[in-house]
Amino acid sequence: MIQSQSQSQSLNRLTFSFRLFLHRSLIPAHNQLGFSRLSAASVYSEARKAGETPVGCALCSRPGAPEKRAQVLSAIYEQDFLSCSFGGRPGRGAHQGLASLHEVIAGRKVEWVLEADLKNFFGSLSHEWMLRFVEHRIGDPRLINLIRRWLKASILEDGEVHANEEGTPQGGSISVMLSNVYLHYVLDLWFERVVKPRLRGEAYVVRYIDDFVLCFQYRADALRVQKALCQRLGKFGLTLESTKTKLVEFGRFAQRHASKRGRKRPGTIYFLGFTLYCTHNRKGNFRVGLRTEKSRLGRALMRLQDQMRRMRHLSIREQADCLNQMLRGHYAYYGIAGNIRALQRVHRAVERYWRKMLSSRSWKGQVWWNHFQQIKERFPLLRPKLYLPYSELQAIAAL
């Protein structure tokens, strides 16, 4: 078969274009993923001294390499992850997890909720099991080797380098992905394929990275799973925090049962910074109420007050812009249906403390309320706003 001169020129141009694309795009992307030389370390924060989970910072020879590897893992595992897992996944954030838990409790046969908390999860991950889980799905030895080096990265603490034998540094995007992979095999698949077929009633799990809640129809099923869960987690080097793990009677019939047992109201559960409680709407139908957890509310107010103290000598316009930025972020996360009172409490506390800080800028600079009202009219603070009313909360449920 004889090719014409025009066909040969077209083929040469196509070959040249592909080689150009190869050298400009594929090879740099291949190197950015970390398949070239990599040196990594983990720098832990002062949180270890306070008894909290330390935060790690990866030091890699190529900036952005951990994020690139996390994107590769996300593309591989996204089709395998179950619908009960949230966090570190596209379109499945904290609000979707809360909405799904709300719909499970309000619309399914749920009467008992097991609120579980893992003890030092990021510091207890077994490297051996983590690599076995990854090798079960990924066949590229270079990517597996990079994950091994990430897990084995040395720890720089107080100027000394220590070997890392377990756990993964918390704080990087790849840490979230590896945590999701670990609990996908340890918890999600086990609960869906092994536990649920053996229970008498309905059961559901909602997990956000390492925080998860188990919902049951019958108390006997909840007690059986709680006992089996401890054994299951222990096999993979994880343990439950006994002080934060509790079984709560929660659901549509909890109010009736609470009055029979001599309690005024049912118990509450905590998930992703919110307190969930049993309530009713105006028609008398059951509804799960959400409000900001007390400890989270206190930390938010302390953070706002600290910021106002540090910037009180700036111009009023700059102070108002900074406060509105912080309030906007707070309202965006906690602005969920039923939580308007907690948002109003934050707004009132910010107004009072801001006036106090403006008054403390000089010995004779007392700002009275009538003057402060004029300042607010010129530089208004953002009013509380619900970004997710009940109608939208039901729409984003992902179970």
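My entries below go from the sheet to the hairpins, the helix pairs and the rings.

**Basis.** I worked from a predicted model, in which local features need pLDDT of at least 70 and side-chain atom pairs count only at pLDDT 80 or more, while totals for chains, interfaces and linings use all residues. Residues are numbered from 1 along each chain as its sequence is written, and side-chain values use heavy atoms, with hydrogens and water left out.

**Sheet.** I took helices (H or I, at least four residues) and strands (E, at least two) as DSSP runs numbered from the N terminus. Strands pair if DSSP finds at least two bridges between them. I found an open sheet of 5 strands in the order 2-6-7-3-8, and its pairing is mixed. Strand 2 (85–86) and strand 8 (246–249) are at the edges with a single partner strand each, so one side of each has no neighbour in the sheet. Within this order I looked up strand 3 (residues 112–117) and strand 7 (residues 211–216), which pair in the antiparallel sense over 6 bridges. Asp117 has Asp211 of strand 7 as its bridge partner. I then noted that helix 7 (residues 219–235) lies across strand 3, strand 7 and strand 8, at about 145° to strand 7.

**Hairpins.** I next followed strand 9 (residues 269–271), which is joined to strand 10 (residues 274–280) by 3 bridges and runs antiparallel to it. Phe271 has Phe274 of strand 10 as its bridge partner. The two strands form a hairpin with 2 residues between them, and Leu272 in the turn has a positive phi of about 55°. Strand 10 also pairs with strand 11 (residues 286–292), in the antiparallel sense over 7 bridges. In that pairing Thr279 stands opposite Arg287 of strand 11. This hairpin has 5 residues between the strands, and Gly284 takes a positive phi near 90°.

**Helices 4 and 5.** I compared axes as lines fitted to C-alpha atoms, for helices over the stretch in contact, with angles from 0 to 180 degrees between N-to-C directions. Helix 4 (residues 127–137) and helix 5 (residues 141–151) have axes that come within 11 Å and cross at roughly 160°. Helix 4 is therefore roughly antiparallel to helix 5 (angles under 35 degrees count as roughly parallel, over 145 as roughly antiparallel, 65 to 115 as roughly perpendicular and the rest as oblique). In contact (heavy atoms within 4.5 Å), His127, Met130, Leu131, Val134 and Glu135 of helix 4 meet Ile144, Ile147, Arg148 and Leu151 of helix 5.

**Helices 10 and 11.** Helix 10 (residues 316–334) and helix 11 (residues 340–359) pack at about 160°, with axes 11 Å apart. I therefore recorded helix 10 and helix 11 as roughly antiparallel. Among the contact residues are Leu323, Leu327 and Tyr331 of helix 10, and Val346, Val350 and Trp354 of helix 11.

**Aromatic pairs.** I paired rings of Phe, Tyr and Trp (its six-membered ring) if their centres lie within 6.5 Å; planes under 30 degrees apart count as stacked, over 60 as edge-to-face and the rest as tilted. The count comes to 13 aromatic pairs. Phe133 and Phe236 have ring centres 5.9 Å apart and planes at 45°, so this pair is tilted. Phe133 lies in helix 4 and Phe236 in the loop between helix 7 and strand 8, so the pair ties together parts 103 residues apart in sequence.
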